[in-house]
Amino acid sequence: MTYAQFTTVIALAATLAVPTATTQSAPAAPAQPKPAPAQPGKPVPAQPAKPATAQPKKPATSQPAKPAATGRSSAATSAAAKAKLKNPAALKDIAPAEYRAAFDSSAGPFVILVHRSWAPKGADRFYNLVKYGFFDNGRFFRVMPNFMVQFGLHADPAVQGPWRNANLTDDPVTQSNRRGRISFATAGPNTRTTQVFINFGDNTGLDRQGFAPFGEVVSGMEAVDKINAQYREQPDQGRIQSQGNGYLTKEFPKLDYVKTATIVRTPAKPPTK
């Protein structure tokens, strides 16, 4: 091995913040880069899709109304809403014991059912991220067939920047990383921030690495399976954090993305006579 090859291997090893998956041939476990002191680049104005303002249907006489998305108002895309997203300490809502998060993506819609009892800290963080529109217009930037799809970096680096050090302490792993389940990516112990991944298959080897599932896809898994995987791991997470969608749309224009993500509520049942 030449000196140049040796230094390249050392540099690559330094970027891997978590152990690899169960076998030598398996892809690396879902990871996010460790926070770095590098200054973010100039924010690129993002054009988030307007959230749908779904109106719950009135309960029918004999059947309860179907669950309806809470639908953030236009204020969700206002400067005030974005300012709140820039302050992770302000997003501390406690999630319900169970809730659904409806994702409208370019690959199709899917719904995640979150169980707070599985991983309460992760469930609360995900609840706040969805409720306040963090995932809107974000790309599925790491897609590994038969393994997982990873997302959760904001389209605007000015919003993403404050979250780089907003670490959560780990939840105990109480469930297994099976097909359709969602967990937070990490850069090591107690480093969960905003990046999450959905398992394409049964990745039980991730359980002993500390990846704690907090929910599962209960409808639309066929849309998750269709998320474009042509770029695999090519997008650079550091550049996504510093340049946002300006970098991704230029160099990886065919990435699928989240249009909107909303918390779904179930209307109260009508009183019985």
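Biologist: How many helices and strands does the protein chain have?
Modeller: The protein chain has seven helices and nine strands. Please note that this is a predicted model.

Biologist: What share of the residues is buried?
Modeller: Of the 273 residues in the protein chain, 48% are buried. The accessible surface comes to about 13900 Å², and 54% of that surface belongs to carbon and sulfur atoms.

Biologist: Turning to charges, how many salt bridges does a search of the whole structure find?
Modeller: The search finds eight salt bridges. One of them joins arginine 142 and glutamate 233, with the closest N and O atoms 2.6 Å apart.

Biologist: Where do arginine 142 and glutamate 233 lie?
Modeller: Arginine 142 is in strand 4 (residues 140-144), whereas glutamate 233 is in the loop between helix 5 (221-225) and helix 6 (237-243), so the pair ties together parts that are 91 residues apart in sequence.

Biologist: Is arginine 142 buried or exposed?
Modeller: Arginine 142 counts as buried, because its relative accessibility is 5%. Glutamate 233 is partly exposed, with a relative accessible area of 39%.

Biologist: Which side chain does aspartate 124 meet in a salt bridge?
Modeller: Aspartate 124 meets arginine 116, at 2.7 Å from N to O. Aspartate 124 counts as buried at 13% relative accessibility, while arginine 116 is partly exposed at 25%.

Biologist: New topic: how many cavities of 30 Å³ or more are found?
Modeller: The search of the whole structure finds two. The second largest cavity has a volume of about 40 Å³.

Biologist: Which residues line the second largest cavity?
Modeller: Its lining includes Phe134, Phe135, Arg139, Phe151 and Val258. The lining residues divide into five nonpolar, three polar and one charged.

Notes: Residues numbered from 1 in each chain as written. Predicted model: local features only at pLDDT ≥ 70, side-chain atom pairs only at ≥ 80, totals over all residues. Heavy atoms only, no water. 1 Å grid on protein atoms, 1.4 Å probe; cavity = no way out; pocket = protein on both sides within 12 Å on 5 of 7 lines; lining within 4 Å. Points joined across faces, edges and corners; volume = space filled by probe spheres on them. Nonpolar A, V, L, I, M, F, W, Y, C, P; charged D, E, K, R; others polar. Helix = DSSP H or I, 4+ residues; strand = E, 2+ residues; numbered from the N terminus. Buried < 20%, exposed > 50% of the residue type's maximum accessible area, 1.4 Å probe, protein only. Areas by Shrake-Rupley, 256 points an atom, 1.4 Å probe, with all protein chains shown as cover. Salt bridge = Lys/Arg side-chain N within 4 Å of Asp/Glu carboxyl O.
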